[in-house]
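Student: I have a structure open and would like to go through it with you. Could we start with the pockets and then move on to other features?

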Amino acid sequence: MLGVALTAALILAGAAEAAVLPVSSDPFTQATCRASSTTNHQTEVEPDTFANGSTIVSAFQVGRIYDGGACAIGFATSTNNGASWTSGLLPGITKYAGGGPNDRATDSSVAYDAAHGVWLVSSLTLLEAGGVHGNAVVTSRSTDGGLTWSAPFTTATGGDLDKNWIVCDNAATSPFYGHCYTQWDDHGAGNLLEMSTSTDGGKTWSAAASNHTGVIGGQPVVRPNGTVIVPIANANETAIGAFNSTNGGASWSAVTTIATIRHHTVAGSLREGPLPSAEIDGSGTVYVAWSDCRFRQSCKANDIVLSHSLNVTGTSWSSVARVPIDATNSGVDHFIPGLAVNKATSGAGAQLGLTYYFYPSGGAQLAVGFISSTNAGSTWSAPQTVAAGMPTTWAATTSQGRMVGDYVSTSYGSDNLAHGVFAGASAPTTGTSCSSVLDNCREPMDTFVSGLGASGSVSGAASPVLFSGHGGANANSLWNVVDNNGSQHRD
């Protein structure tokens, strides 16, 4: 399917209400990428997206391996606001795609560098010798609109790196226009935060800088004045915070705690957690979403919750608000949010779009939903079900549970519509479970047939906090570098 534009709409199995479009599928089999005795084909998981004009680029894992990473990193690019897509594999990263030096790859993230006219994908590479570990963060470049890609450039190396993310400063008035920033953590050093900066379109990167905190899952964004704000979880995923750089990445501030986390472990042996999804509007207000059970009696289910920055450095944040997808007594469990903010909007008129997974009340069959706001999250549209009826056994199996991804992604195109990309699943070709030895899985990358957008009047502002447990109580120790005592690792 490599290099082929995909235009046929496909309805996923189950009671889906919105048609979805496949954007990519795993081309490997056990014969072409065995990797280990526990490699899942055909599976693609954990997408990120970024949009510039009518071009939307997504990157994701291809051929998920049970104990970490995947056979390759795939991409899917649309130049017409999601109407059709061209897909392929990023070359030169793993030995299974273009003769790369690495055994596996994971954690892809997409950015566009307007100053240099280049698309960038940051990936984490893995080696198997001595135990599977993240040996490097690398950056792939495209100068033709995301249709072909270079061999990767090295951003950083280390003994056990994890969870990288990339962003570029695209404001022509910024003093740091053309700076790109990559964040990751060094799991071998207690999930130590590390940041690196490129000023030449991702070819070369600065030595790693740190604020000496223990973190995971940061998603940096850049304000129009060049200030970088990085929403992030602490190493144990018990708090959401943010830190910043006001000098183009030369140094990084301490972390401000936005909120401690209350999280319900979902059913179905699904791999998921309260990692943040962060975006920024046209004037520089930062929004961060995560899954949280504080508004549910006894923490019986998660909502998607939201906070936004109140000042220019991201050191003050709004109180946590519930996205009102359904009533707090619904029994519906929501998780793995992918937040988008339309950068052509700002302030009280900021447009927000949210793609997320959920379980209907009393069930453990995966569904994908979408909800939007046209007034900065004050009120929300009625939710739309994009896909439904997917047992978790249809998803790839990993050492941390069945997997659609630690995150999902949504971006606004020039059509002012939100375009979500997510891992869907249909019934295995044989049996009832996606298996690592039969090539029987069917877990491709999918998107909406057309971007979704709607306004509405439903508010979550009056929802009372009903559960106060599970959060880290001592704010002074939330961000300490830990020696891997309970710290997360999500390659």
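Student: What volume does the largest pocket have?

Tutor: This is a predicted model, in which local features need pLDDT of at least 70 and side-chain atom pairs count only at pLDDT 80 or more, while totals for chains, interfaces and linings use all residues. Residues are numbered from 1 along each chain as its sequence is written, and side-chain values use heavy atoms, with hydrogens and water left out. The volume of the largest pocket is about 740 Å³, where a volume is the space filled by probe spheres set on grid points joined across faces, edges and corners. A pocket here is an open set of points on a 1 Å grid over the protein atoms alone, where a 1.4 Å probe fits, with protein on both sides within 12 Å along at least five of seven lines.

Student: Which residues lie nearest its centre?

Tutor: Phe 50, Ala 51, Glu 279, Ile 280 and Lys 343 do, out of 43 residues that line the largest pocket (lining residues have an atom within 4 Å of a point).

Student: And which strand gives the most to that lining?

Tutor: β3 does, with five residues; strands are DSSP runs of E, at least two residues long, numbered from the N terminus.

Student: Switching topic, how many aromatic pairs are there in the whole structure?

Tutor: A search finds 11 aromatic pairs, counted when the ring centres of Phe, Tyr or Trp (its six-membered ring) lie within 6.5 Å, with planes under 30 degrees apart called stacked, over 60 edge-to-face and the rest tilted. One of them joins Phe 243 and Trp 252 in an edge-to-face arrangement, at 5.9 Å centre to centre and 80° between the planes.

Student: Is Phe 243 buried or exposed?

Tutor: Phe 243 is buried, with a relative accessible area of 0%, and Trp 252 is buried as well, at 9%; buried means under 20% relative accessible area, exposed over 50% and partly exposed in between, using a 1.4 Å probe and protein chains only. Another pair, Phe 422 with Phe 448, is tilted, at 6.4 Å centre to centre and 40° between the planes. That pair links distant parts of the chain, with Phe 422 in strand β30 and Phe 448 in strand β31, 26 residues apart.

Student: Last one: what is the strand order in the open sheet of four strands?

Tutor: The order is β23-β24-β25-β26, with antiparallel pairing, and two strands pair if DSSP finds at least two bridges between them. The edge strands, β23 and β26, each pair on one side only.
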